[in-house]
Amino acid sequence: MNPSVATNPPVATPFFFYGLAAVMVIGGILVITRKNAVHSALALITTLLAQAALYLMLYAPFVAGVQIILYAGGIMVLFLFVIMLISIERASKERQFNKQCLVGIAAAAALGGLLIAVFTTTSKGQMMFAEGPTSYVESQNTQAVAGFLFDRSTGMYMFSFEIASLLLLVAIIGAVVMAKKRI
Amino acid sequence: MIQKFIQYVQSYLDSNQTPGAAGNIFWAVVYVLLVFVGLSIAVICMNWLERKILAHMQVRLGPMRVGPHGLLQPIADAIKLLLKEDIIPAEADKVVFWVAPFIVVLAAFTVFVVVPFGPTHAITDMNIGILFMLGVSSLAVLGIVTAGWASNSHYPLIGALRSSAQMVSYEVAMGLAVVSAIMMTSLNESSTGTLSMIGIVQAQLAQHEWFLFKFFPLGIIAFGIFAIAMVAETNRAPFDLPEAESELTAGFHTEYSGFRWSLFFLAEYSAMIAVSSIAVTLWLGGWLRPFPNALSGPTWDLAFSLIPGLTFLFLAGMCFYSTVRMPKHPLFRIQTIGLGGFGIVLLLIGLVLFIPAVRVRVSDIFWFSAKVAGFMYLYIWYRGTFPRYRFDQLMKVGWKILLPTGLALLIVTAIWAMRSAVWADVVVPIWLAFLDLLRRIF
Amino acid sequence: MDAMLHISTLHYLVLGAALFLLGVIGVLTRRNVVIVLMSIELILNAVNLNLVAFSRYWQSIHGPGALHGQIFAIFVITDAAAEAAVGLGILIAFFRNKETVNVDEVNLLKW
C-alpha cells in the first residue's frame, strides 16, 4: 500500500497553519458577535472544517474524518434545525449581550491574562515541548486507533467505548423525552 | 526544454503513488484541474443523455433542434442560465442566500479528492478515504437547509426541511451498507482492513472476488441497500418529492435562478457521480476489468484492453449512421456536417486508444468510468420508470425497512466473516462452560 | 521570526488557548441561548485541538503508536454530540414554555 509521508514536514506547513488559524480565529469571533444565529452557525461550521484540516496537518486523519462527519455534518445540522424551529428573528433585533456581560468580560480578561502568563513565563529562552526526532506515519492511523479501541492485546479503551455507547443511548432517550409535547 | 518536460512527465507517469501521497504539488494540481474539467464535461453529457434517454423511454424524441440530435442543447442551456437575471427575494438574507449554493458545490466537488480512477490515478489516497467521502457528502445537507431558510418563503423552507430529513435518514442506511463492505476488506491473508479507497480495490484484487459476489447473498444485499439509499441521498427519482414540480414548485431551489440554480444542478449531478463512485469502488471492483482472475492471461488481457478503443469506434459508427440518415434538405446541411465532424473526432479518439502505450494507461480510467456510466444510466432509468414516493412512505422505507435490514446484514456479515474465530473463541468456551456447570450440578 | 516558521506544538497550544478564550467570552456575555451553546462547542473544540497536538508531541517522543490524545479527542467529540442533543432538547422544552431564548429570563427559581 502507500508508504508514509516523509519525515520532514512539507515546506508549505507554516502557510497552511497560519491560514487555517486565521480562519478559525475569525470564525470564532464571528460566532460570538453575530446578531443572527444562522450567521453564527455558519461561522462555527467554517471553524470546525478548518479544525478538521488542522487535524489532517497533525497526522490525525481519523479524528479529522470523525470531526467532519459528527461535528460539521451532524451537530451543526442539529443546531440549524433547532434555530429554524424556534425562529428567533425577534431575538436578533434585541440587545445582544446579557446583564452580566461586564463581569463576564472581566472574568474572560482574567483568564486571558492567566493563559498569557503561562505561555510567557515558563519558557525562559528554551523551547517548550521540544519534539523528538521521529517520523509521523499517516497511512496506518485508522488501524492504530482501531487497535487501541478493539484489539484484545493492545486495546485499553474498550471499556470507555462501551460507556460512551451507553452515554449516547442515555442522551437519545433524554433528548426525545425533553422535546416531546406530552410525556 | 521540451526534452526535459517530456522526461518530467515520463518520470511522473512511472511512479507508483498518487500525487498526494508522494507530496507532488504540481501533479496534484494538474489532477485537480483534470477532475474539475472532467466533472463539468460529465455533467453536461449527463444533461443531454438524461433528456434523450427519458424521451426515448417515453416514446418521443427529446431535443432535436439545437444541434444535430440536440447535442448542443446543454451548451445552449448553460448560456441561457449564465445570462439570466439574478433575482434575490426581497426579505431574503443576502449573505446566506449567496453562500448556500457554494456549500453544496463545495461538498459535491471535494469528495473527488479521493475517488480512485486507477491504482495511482487519484488526487490523493487518504487513509480514511471512504470516511472522508461519506462525511463531506453529508455537508451538502447544511447547504440545502441554509438555502431553504435564506429564501424566506414557504415552499423552499418545507422543501429544504423535507429534503434534508430525507438525506440524513438515508445516510444512516448508506453508512451501514458501507461498513459491511469494509469488513470484507479485512479478509486478506496478510493485512488488516482498510478504509482507503485504493486499498479497498486492491483488497478485491487480492481476494480474487468483487465484493458484490462475496458471501453470496450478503454482498448483493449490501449493494442493494446502498443502491437504494444513494438514490434517496441525491434526491433523485423515485425519492424526489422535495424537488418535484407538481408538489413543491421545485423545493429548496425555487427562489434561485440563473447561475445560482446551475450551481445546485451541477452539485446534484456531481453528487450522483460521487455516490456511484463509492458503489463502484466498494462492490464492483473499481478500476478492475471484468473477470481479472477467472479470464486471465495475455490473450484475455489483450482482448479486454481493446474494448476502450472499440467502444469509441462503435460510438463513431453510430454518429456516421445518424449522419447518413439526416434529412437531405439545405437547412440541415450544417447539422449534418457537425454530426459528421463529431463522428470523425470520436473515430480519431478510438484509433488513438488502440496504441499500446495509451491502452495500458487508459484502461483503468475507462473501466471505472464505464461502471459509473452504467450507474448513471440506472439513475435515468429509475426516473423514467418509477412513480414518486410520498414523503411518509419515503421515511418509512428509510427507517423501517433499510435500517433494520442494514443492521441485520451487518451482524450476519460480521459473524460470517469471522466465523472461525467466533466458533473457537465464543461458542466453544460457552458450550464447554455450560457442560462443566451441568457436570457440577449433577 | 525563525521560531514562527517552524510549526511546533506550542503554536497549536496558543491557537487552542485563543479559541478557548473566545468560547468563554461567548458563554459569559451572550444573551441568546443557542449562541451560548455554540460557544460551548467552540470551547470543546479548543480542548480537542490541544489533545491532538499533544498526541503528536507524544508520538514524537514515544514512537508512532502513541495515539492516546487522538482517542481522547474522539471520545470528547462523542460526548459533545450527546451534550448538544440534550442541551437543544432542554432549549426546545424551555422555549415551548416561555417563548423566549434569553438567558436573562431563565430566572424562575430566583428568590
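What percentage of the contacts in chain B with a separation of 6 or more is accounted for by residues 24 or more positions apart? In this predicted model, such residues account for 77% of those contacts, two residues being in contact if their C-beta atoms, placed from the backbone, lie within 7 Å. Local features need pLDDT of at least 70 and side-chain atom pairs count only at pLDDT 80 or more, whereas totals for chains, interfaces and linings use all residues. Residues are numbered from 1 along each chain as its sequence is written, and chains are lettered from A and ligands numbered from 1 in the order in which they are written.

Chain B contains 18 helices and zero strands; helices (H or I, at least four residues) and strands (E, at least two) are DSSP runs, numbered from the N terminus. The radius of gyration of chain B, 25 Å, is close to the 22 Å that the globule rule gives for 442 residues, so chain B is as compact as a globular protein of that length. This radius is taken over C-alpha atoms, and the globule rule is 2.2 Å times the number of residues to the power 0.38. The C-alpha trace of chain B spans about 100 × 60 × 45 Å along its principal axes. Of the 442 residues in chain B, 39% are buried. A residue is buried if 20 or more other C-beta atoms, placed from the backbone, lie within 10 Å of its own, exposed if 12 or fewer, and partly exposed in between.

Helix α17 of chain B (residues 391-417) has 27 residues, which at 1.5 Å a residue should span 39 Å; the end C-alpha atoms are 37 Å apart, which agrees. The expected span is 1.5 Å times one less than the number of residues. α17(B) bends by about 30° at Leu402(B), and Pro404(B) follows within four residues; the bend is the angle between axes fitted to the seven residues ending at a residue and the seven starting there. Leu402(B) is also one of the buried residues of α17(B), which include Leu394(B), Val397(B) and Gly398(B). Their cover includes α8 (154-182) and α10 (218-233) of chain B.

Phe216(B) and Pro217(B) are joined by a cis peptide bond, with omega about 0°, and Pro217(B) is placed in the loop between α9 (197-206) and α10. Val59(B), not a glycine, has a positive phi of about 55° and is found in the loop between α3 (25-57) and α4 (73-83) of chain B. Val59(B) counts as exposed because it has 6 C-beta neighbours inside 10 Å. Asn235(B) likewise has a positive phi of about 55° without being a glycine, but counts as buried, with 26 C-beta neighbours inside 10 Å.

Of the two pairs of chains in contact, chains A and C share the most contacts. Their interface joins 65 residues of chain C to 74 residues of chain A. On the chain C side, α4(C) gives the largest share, 21 residues. By class, this side has 43 nonpolar, 16 polar and six charged residues. Ala, Val, Leu, Ile, Met, Phe, Trp, Tyr, Cys and Pro count as nonpolar, Asp, Glu, Lys and Arg as charged, and the others, Gly among them, as polar. No contact joins chain B and chain C, and their closest C-alpha atoms lie 14 Å apart.
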